[in-house]
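Thanks for coming. I will go through one model today, starting with its pockets and ending with a pair of helices.

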Amino acid sequence: MFEFVKSWYERKFSDPHSVTLLLVICAVVSLLYFVGSLIIPVLVAIVVAYLLEWPVQRLALLGFSRLMASTLVMLCFSGIAIASFFGIVPVLWQQTSNLLQEAPHMLEQGKSFLMQLPHQYPELITEMQIKTVVGTVENKFIEFGQVILSVSLTSLKDIVALLIYLILVPLLVFFMLKDKQELVGGIGRLLPDQRRLISQVWLEMNQQIMNYIRGKVIEILIVGGASFITFTLFELRYAALLGVLVGCSVLIPFVGAALVTIPVAAVALFQFGVSPEFWYIIIAYSIIQALDGNVLVPLLFSEAVDLNPVYIIVAVLFFGGLWGFWGVFFAIPLASLVRALLNAWSMQPQEIKA
């Protein structure tokens, strides 16, 4: 056994480039795990900088300087963000408030509907089973209310943090875009000279991460916008709020679509009951999800999603458990990174030196 491990170690890590790559990966993972919560503004800025790098590159190709291109892109992005904030947030706030006020009534209506099932299907469902389900749901609503209360009590601290982010993140994004070459060069000077594998993995992942972030934003806008238009055409209440939820659900592969189906179906059932309109909404929503999964995702992420769904789900669970939202958001590129690392380490030393 010892000889086998020794042989494997010498085969995979006899080259200094492999050791350097391993040390860098361990250092980055340790940094994110232990101080990730302290550098959230930096992580947000990196994501936004990746999103805006493409238009900056296009303007640079047209002859603009890096400074001018970064300034123009930041001004346009800030204007769109401010207009969207003041145009969408008040509507979402109002609809969320109305939904929370109607939630107890919706719960009672759902409870009445469930209590009728044992009389309609006595051979399939018992009254005790329905009472257990109802009790569990009521307990979850109580827990959710306690969470909302605790969040409201700490809202002042969150507002202060948000104001700091609104100042720091745009500044960080601007300087990351303007001084990209200097920042990348500075990081490169910190790395050892034996970094051929690091460069190989970086070249493979850099463009992929940029395409993934841009594609994910486009997917959110398309899916959320299509859902909002569909719900509005069917005159479904809380169309804007549900459209945003459906759009944001694409951040969690596979699982998000299933989770957001619950509020969509609940609101439609509460408004229309078990009627043709209810089924029309469910069918339209299913078509949107089918088009997203079978047309839009392959079109936007043809390289990034070249992974087995099992690997993607495992990546969501693992990286989400490590880093929360950011782990879920980057689950697919992180899974691709793991694959790139395994491919790099699977190369024989003579292949690396070639």
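Predicted model: local features only at pLDDT ≥ 70, side-chain atom pairs only at ≥ 80, totals over all residues.

Numbering starts from 1 along each chain as its sequence is written, and side-chain values use heavy atoms, with hydrogens and water left out.

The largest pocket holds about 2500 Å³ of space. A pocket here is an open set of points on a 1 Å grid over the protein atoms alone, where a 1.4 Å probe fits, with protein on both sides within 12 Å along at least five of seven lines; lining residues have an atom within 4 Å of a point. Volume is the space filled by probe spheres set on the points. There are 49 lining residues, and Phe-77, Ala-81, Ser-84, Phe-85 and Leu-221 lie nearest the centre. The elements giving two or more residues to this lining include α3 (40-61), α4 (66-120) and α8 (196-233); helices are DSSP runs of H or I, at least four residues, numbered from the N terminus. The most comes from α4, with 16 residues.

The second largest pocket has about 2100 Å³ and 50 lining residues, with Val-28, Ile-46, Tyr-50, Trp-202 and Ile-209 nearest its centre. Here α8 gives the most, 10 residues.

That brings us to α8 itself. It has 38 residues and reaches 55 Å from first C-alpha to last, close to the 56 Å expected at 1.5 Å a residue, the expected span being 1.5 Å times one less than the number of residues. Just after α8, Glu-235 takes a positive phi of about 60°.

Last, the helix pair. The axes of α10 (residues 255-272) and α11 (residues 276-300) come within 9 Å and cross at roughly 160°; axes are lines fitted to C-alpha atoms over the stretch in contact, with angles from 0 to 180 degrees between N-to-C directions. So α10 and α11 are roughly antiparallel, a term for angles over 145 degrees.

Notes
Parallel < 35°, antiparallel > 145°, perpendicular 65-115°, else oblique.
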